[in-house]
Amino acid sequence: MENYVVTIGRFILEHERRHPEATGAFSNLLYDLSLAGKLISRAVNMAGLAEILGRAGRRNVHGEDVMKLDVYANDVIFNAMDHAGHLCVMGSEEEEDPILIPEQFPVGPYVLLFDPLDGSSNIGANISIGTIFSLHRRVTTGQRDGTLADLLQPGYKQVAAGYVLYGSSTMLVFTTGSGVHGFTLDPSIGEFLLSHPDIRIPLDPTSKICSVNEGYTAKWSSGQRALVQRYRDEGFSSRYVGSLVADFHRTLLYGGVFMYPATESAPNGKLRLLYEVAPMAMICEQAGGKATDGQKRVLDIEPTDLHQRTPVYIGTPEFVDMAGETLAAEGAAVAG
């Protein structure tokens with residue numbers, strides 16, 4: 001049907017109807033996240049005009065400069081998600097500690113982790129950036145507020161994960177454990193419309209794209225250098241944006257492998273496990289791909305810190321396996 005369109009609201013509702021036991025809380029969470037994505041998209045598109053580009057004059061818990069848009073995006077997500085009674089606690093890349101639900105609002109059975117604006121330092125160059133989110137069910141009982149234990153759950157326990165890509169168009173991609181679906185924002189009506197149903201990562205062995213920051217070559221382990229050379233020898237092309245959401249989105253649609261390995265200065269990698277790597281790993285696996293830290297499955301890693309970092313190799317299974325084999329043969333997936 002040429003004029004048949006599916007809004008994200010309709011999509012969520014139709015899938016909720018498949019589960020008679022559903023209360024609607026989970027569906028409302030996804031819809032609220034899509035609303036936050038719309039608000040952030042508008043701010044990103046208007047950033048220069050609204051004078052919210054540039055630095056906010058402080059650093060986050062990781063010692064990185066906080067951008068004005070980071071602060072705005074963090075506030076938008078918190079304010080969109082704090083009052084509906086579906087969450088008991090949140091965790092953000094921009095906040096050192098767990099974010100509790102304000103006392104005047106009810107709490108619920110879910111936990112949200114998010115990176116409000118990944119790659120925001122690139123926006124001045126009009127490069128695609130994004131928001132990443134992850135949902136878990138609460139595991140603690142006996143008190144109103146969620147705790148750190150609710151946030152420190154392995155990736156395989158995620159009930160949903162997704163990202164919003166702010167690029168030439170704004171796309172929301174998410175999974176609830178039953179495939180991966182992409183929605184493109186139609187700015188003329190202000191709605192996310194289903195544009196990429198049931199995304200599957202290409203398994204074609206000719207989709208040879210390697211995405212890694214080769215500026216760190218001198219700081220890589222010998223195994224990592226051998227791996228990149230192996231990809232070159234196998235005819236891989238190199239593509240790297242420097243924005244996780246953009247690089248992963250291309251890998252998801254075109255195939256290949258995205259890597260952010262350990263280095264001498266970052267022996268545990270740079271990307272954060274809970275609100276960057278684990279959500280992308282769930283999406284990738286749901287689309288038929290694979291994600292490891294160079295040795296083991298990302299979704300099996302047991303987190304011990306809210307801002308824990310990890311190396312990551314993610315994409316077409318054959319190419320991720322190639323990484324693991326090469327790193328093992330050369331000694332390790334860590335710098336040294």
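**Entry 1: helices α7 and α8**

I looked up the contact of α7 with α8 and found that Leu 244, Val 245, Phe 248 and Leu 252 in α7 meet Glu 276, Met 280, Ile 283 and Cys 284 in α8. I took contact to mean heavy atoms within 4.5 Å. The model is predicted, so local features need pLDDT of at least 70 and side-chain atom pairs count only at pLDDT 80 or more, while totals for chains, interfaces and linings use all residues. Residues are numbered from 1 along each chain as its sequence is written, and side-chain values use heavy atoms, with hydrogens and water left out.

Ala, Val, Leu, Ile, Met, Phe, Trp, Tyr, Cys and Pro count as nonpolar, Asp, Glu, Lys and Arg as charged, and the others, Gly among them, as polar.

Helix α7 covers residues 244–254 and helix α8 residues 273–286; their axes lie 12 Å apart at an angle of about 15°. That makes α7 roughly parallel to α8. Angles under 35 degrees count as roughly parallel, over 145 as roughly antiparallel, 65 to 115 as roughly perpendicular and the rest as oblique. The axes are lines fitted to C-alpha atoms, for helices over the stretch in contact, and angles run from 0 to 180 degrees between N-to-C directions. I recorded the crossing of α7 and α8 as right-handed, the near helix being turned clockwise from the far one by less than a right angle.

**Entry 2: helices α2 and α4**

Next I examined α2 and helix α4 (residues 68–81), whose axes come within 9 Å and cross at roughly 155°. This makes α2 roughly antiparallel to α4. The crossing is right-handed. Residues of α2 including Leu 33, Ala 36 and Ile 40 meet residues of α4, among them Tyr 72, Val 76 and Ile 77. The contact of α2 with α4 holds 13 nonpolar, no polar and 2 charged residues.

**Entry 3: helices α6 and α9**

For helix α6 (residues 222–233) and helix α9 (residues 317–330), I found axes that come within 8 Å and cross at roughly 135°. α6 and α9 are therefore oblique to each other. This crossing is also right-handed. The contact has 7 nonpolar, 4 polar and 3 charged residues.

**Entry 4: cavities**

On a 1 Å grid over the protein atoms alone, a cavity is a set of points where a 1.4 Å probe fits but cannot get out, and lining residues have an atom within 4 Å of a point. The largest cavity has a volume of about 60 Å³, a volume being the space filled by probe spheres set on the points.

Its lining includes Leu 33, Ala 36, Ile 40, Ile 77 and Phe 114. The largest share, 4 residues, comes from α2. I classed the lining as 8 nonpolar, 2 polar and no charged residues.

Methods: On a 1 Å grid over the protein atoms alone, a cavity is a set of points where a 1.4 Å probe fits but cannot get out, and a pocket is an open set with protein on both sides within 12 Å along at least five of seven lines; lining residues have an atom within 4 Å of a point. Helices (H or I, at least four residues) and strands (E, at least two) are DSSP runs, numbered from the N terminus.
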